[in-house]
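Visitor: I would like a close look at one part of this structure. Please pick a single spot and show me what surrounds it.

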Amino acid sequence: MKTNSFIVEHPQESPQIYLTPLQPLRFEQWLQCKSWFAGTAINARELQYGADLVELQLRYAGEAFTLHYEDYSESCWVSADTAAAAMLLSELANLFRQLELTGS
């Protein structure tokens, strides 16, 4: 089974984490992104999508985050939904560095 992972960037003082897959992901694979978080400390919640955008609500340490993927620009990032969540972005970035996207 093929695995993939992310290059994770979290610039100091940034309210976002920037993600780049090591291997390209198709839009259809992003629609299955909830499964990437099984068995992790990150709880995948509601998935919403449109023509070129996927948004997945996440919970970590009791705080809310949103994973965004834009197909046309192939951009992916995680934003903190509250000021308290922003304080946890460095920890969350470390978890994304360990994440393996099985079956990608």
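Guide: Start with Trp30. Its relative accessibility is 1%, so Trp30 counts as buried. Keep in mind that this is a predicted model.

Now look at the ring of Trp30 and its partners. One partner is Trp36. Trp36 has a relative accessibility of 7%, so Trp36 is buried as well. The two rings form an edge-to-face pair. Their centres are 5.1 Å apart, and their planes make an angle of 65°.

Another partner is Tyr69. Here the ring centres of Trp30 and Tyr69 are 4.2 Å apart and the planes lie at 10°, so this pair is stacked. Trp30 belongs to helix 1, residues 27–30, while Tyr69 belongs to strand 5. The two are 39 residues apart, and the pair links distant parts of the chain. Both Trp30 and Tyr69 are buried.

Why give two numbers for each pair? A pair of aromatic rings is described by the distance of the centres and the angle of the planes.

The search of the whole structure finds six aromatic pairs.

Strand 5 covers residues 63–70. Six of its eight residues are buried, so strand 5 is largely enclosed by the rest of the structure. In a regular strand the side chains alternate between the two faces of the sheet.

What does strand 5 pair with? On one side is strand 4, residues 53–60. Strand 4 and strand 5 are antiparallel and share eight bridges. In one of these, Leu56 has Leu67 of strand 5 as its bridge partner. The two strands form a hairpin with two residues between them. Ala61 sits in that turn, with a positive phi of about 50°. Ala61 is exposed, at a relative accessible area of 54%. Most residues other than glycine have a negative phi.

Tyr69 stands opposite Cys76 in strand 6. Strand 5 and strand 6 form a hairpin with four residues between them. Glu74, in the turn, has a positive phi of about 55°.

Now place these strands in the whole sheet.

Phe96 is one of the buried residues of helix 3, along with Leu89, Leu92 and Ala93. Viewed down the helix axis, the buried residues fall within an arc of 105°, so they line one face of helix 3. These residues pack against strand 1, strand 2, strand 4, strand 5, strand 6 and helix 2 (83–86).

Ser5 has a relative accessible area of 18% and is buried. Which residues does Ser5 touch, leaving out those up to four places away in sequence? They are Thr20, Pro21, Leu22, Leu99 and Leu101.

Beyond strand 1 comes the loop between strand 1 and strand 2, which holds Glu13. Glu13 is exposed, with a relative accessible area of 74%. Its phi is positive, about 70°, although Glu13 is not a glycine.

Last, look at a charged pair. Side chains of opposite charge can pair when their charged atoms come close. The search of the whole structure finds one salt bridge. The side chains of Arg26 and Glu28 form it, at 3.8 Å from N to O. Arg26 is exposed, with a relative accessible area of 53%. Glu28 is partly exposed, at 48% relative accessibility. Compare that with Trp30, which is buried at 1%.

Methods: Residues numbered from 1 in each chain as written. Predicted model: local features only at pLDDT ≥ 70, side-chain atom pairs only at ≥ 80, totals over all residues. Heavy atoms only, no water. Pairing = 2+ DSSP bridges. Salt bridge = Lys/Arg side-chain N within 4 Å of Asp/Glu carboxyl O. Buried < 20%, exposed > 50% of the residue type's maximum accessible area, 1.4 Å probe, protein only. Arc of directions from axis to C-beta. Contact = heavy atoms within 4.5 Å. Phe/Tyr/Trp six-rings, centres within 6.5 Å; stacked < 30°, edge-to-face > 60°.
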